[in-house]
Amino acid sequence: MRQHQPPARPRDSEASKARLLKAATDEFAARGIAGARVDRIGAAAEVNKALIYTYFGNKEQLFDAVMDAHVARVLDEVPFTPEDLPGYAGRLFDFLLANPHQLRLATWHRLERSGTDREPQGLEASMRQKTAAITQSQTDGLLTTAFSPEDLLVFTLALANAWMPTSPMATNDQAAEQTRQHRDAVVEAVRRLVAGTSATQPLQELGTAVSTT
């Protein structure tokens, strides 16, 4: 008599994809696309590496999927407030500090995916929307018109990530107090930028000496 066999449990593809994306994030952030190995990613995710090709196509497309996920996350978790660019810079500083892979992946993208016409999903549209929102805030008199909307946005983004671990200016053993001081300085710098305040105004109100780092 033929023994009844229980039905095979369907593969949890979403869970497997999530583990692959997590493992790929670590691998790509550390080694970039060229240095990454699909066998290490598969082993770290505890799935057959063949599923990488089934789910994502190839290693480059897996990297693109990782970038898409990380861009979507920062856009979702760090709301853009054109009427309060200093506050936005502070929140972005906090997010990037808590998620160091974000800037590392962006750096690898510039190095290895530039010129491929493959930008992370939502990034270009987000930049256009942010620029348009800054333009409207300038029209409403909420922001200085001393700089173009594009410059204000780029300067704000650059200041927010200036002290991240990926920056050549940052130290590996940066203390919590120094991090707080850098955050305060970033917020204040953006405040002066959007207000058109003279750069010669002292920073004494911050109670910090950034040069100690």
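User: At what angle do helix 5 and helix 9 pack, and how far apart are their axes?
Analyst: This is a predicted model, where local features need pLDDT of at least 70, side-chain atom pairs count only at pLDDT 80 or more, and totals for chains, interfaces and linings use all residues. Residues are numbered from 1 along each chain as its sequence is written, and side-chain values use heavy atoms, with hydrogens and water left out. Helix 5 (residues 85–98) and helix 9 (residues 176–195) pack at about 150 degrees with axes 8 Å apart. Axes are lines fitted to C-alpha atoms over the stretch in contact, and angles run from 0 to 180 degrees between N-to-C directions.

User: Roughly parallel or antiparallel, then?
Analyst: Roughly antiparallel, a term for angles over 145 degrees.

User: Which residues of helix 5 and helix 9 make the contact?
Analyst: From helix 5, L85, P86, A89, G90, R91, F93, D94 and L97. Helix 9 brings T179, H182, R183, V186, V187, V190, R191 and V194. Contact means heavy atoms within 4.5 Å.

User: How do those residues divide by type?
Analyst: Nine are nonpolar, three polar and four charged. Ala, Val, Leu, Ile, Met, Phe, Trp, Tyr, Cys and Pro count as nonpolar, Asp, Glu, Lys and Arg as charged, and the others, Gly among them, as polar.

User: Changing topic, how many helices and strands does the protein have?
Analyst: Nine helices and zero strands. Helices (H or I, at least four residues) and strands (E, at least two) are DSSP runs, numbered from the N terminus.

User: What share of the residues is buried?
Analyst: 38% of the 213 residues, with buried meaning under 20% relative accessible area (1.4 Å probe, protein chains only).

Note on methods
Buried means under 20% relative accessible area, exposed over 50%, partly exposed in between (1.4 Å probe, protein chains only). Angles under 35 degrees count as roughly parallel, over 145 as roughly antiparallel, 65 to 115 as roughly perpendicular and the rest as oblique.
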